[in-house]
Amino acid sequence: MRNVSKKKQKSYVFKYKKGAFFVAFLIILILIAIGLSKCGGVKDKILYQQYPIKYENIVEKYSKEFKLDNSSDLNVGDILTVEQFEAGETVDVTGTSKGHGFCGTIKRWGTHRGPMTHGSHYHRGPGSLGMASDPSRVFKGKRLPGHYGVDTVTIQNLDLIKIDTDRNLLLVRGSIPGPKGGLVIVKNAVKAKA
């Protein structure tokens, strides 16, 4: 380390503290902006500016746009309920899958583990990453550890068993993506069985 006088050291520390404070202040401003956008504050203001009369009394956490065949029959601000579905038809359900954080290859891709006994020092590793000097690289798509979950997933051709119009609920046979209480989008099946 080079010799720096105490006076210069203090000035460096002061400059660092000033810079760190500025960075922290910027981070706080960014977090506030993200929080406003996630709460729906910014989006709601934009929607209210576009449709002030229709959107005035509607307060929802999420807002989403859909392409509809009968869009001419609807007006801005109309509330769509489960009555547009019929029991017995097939639907596609889209949601965000559960997050599992950073996972190894066994949990993420279902790879096999190594032997646990007889002096084996290989148990839960990712395995060989590829050949040696000929490609001199790892091929794209190699199944490695990484972030698992929080993906947009669509489950197709689920049967719609029952519709509860009083509570605005749909009863669907089969598994749907995401945690309990998560937001899902239900659409008519694209590949419906004839």
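Does S97 count as buried or exposed, and at what relative accessibility? In this predicted model, S97 has a relative accessibility of 18%. Buried means under 20%, so S97 counts as buried. The residue sits in the loop between β1 and β2 (101–103). Leaving aside residues up to four places away in sequence, S97 touches G149, V150, D151, V153 and G178. One of these neighbours, V150, also takes part in a polar approach: a polar atom of the S97 side chain lies 3.3 Å from the backbone nitrogen of V150.

Strand β1, on one side of this loop, belongs to an open sheet of 4 strands. The strand order is β5-β4-β1-β6, and the pairing is antiparallel. Strands β5 (169–173) and β6 (184–188) form the edges, and each pairs on one side only. From one strand to the next, the twist averages 45 degrees. Strand β1 spans residues 90–96. Its antiparallel pairing with β6 runs over 5 bridges. Within β6, I185 is the bridge partner of T94.

The largest nonpolar core consists of 5 residues: F85, V91, V93, L158 and L160. Strands β1 and β4 (152–164) are the elements that give two or more residues to this core. F85 touches two other core members, V91 and L160. Further contacts of F85 are with I163, L170, V186, K187 and N188. Residues up to four places away in sequence are again not counted.

Key:
Residues numbered from 1 in each chain as written. Predicted model: local features only at pLDDT ≥ 70, side-chain atom pairs only at ≥ 80, totals over all residues. Heavy atoms only, no water. Pairing = 2+ DSSP bridges. Axes fitted to C-alpha atoms, helices over the stretch in contact; angles between N-to-C directions. Core = buried A, V, L, I, M, F, W, Y, C linked by side-chain atoms within 4.5 Å. Buried < 20%, exposed > 50% of the residue type's maximum accessible area, 1.4 Å probe, protein only. Contact = heavy atoms within 4.5 Å. Polar contact = N/O pair within 3.5 Å; in protein donor to acceptor, adjacent residues only side chain to side chain.
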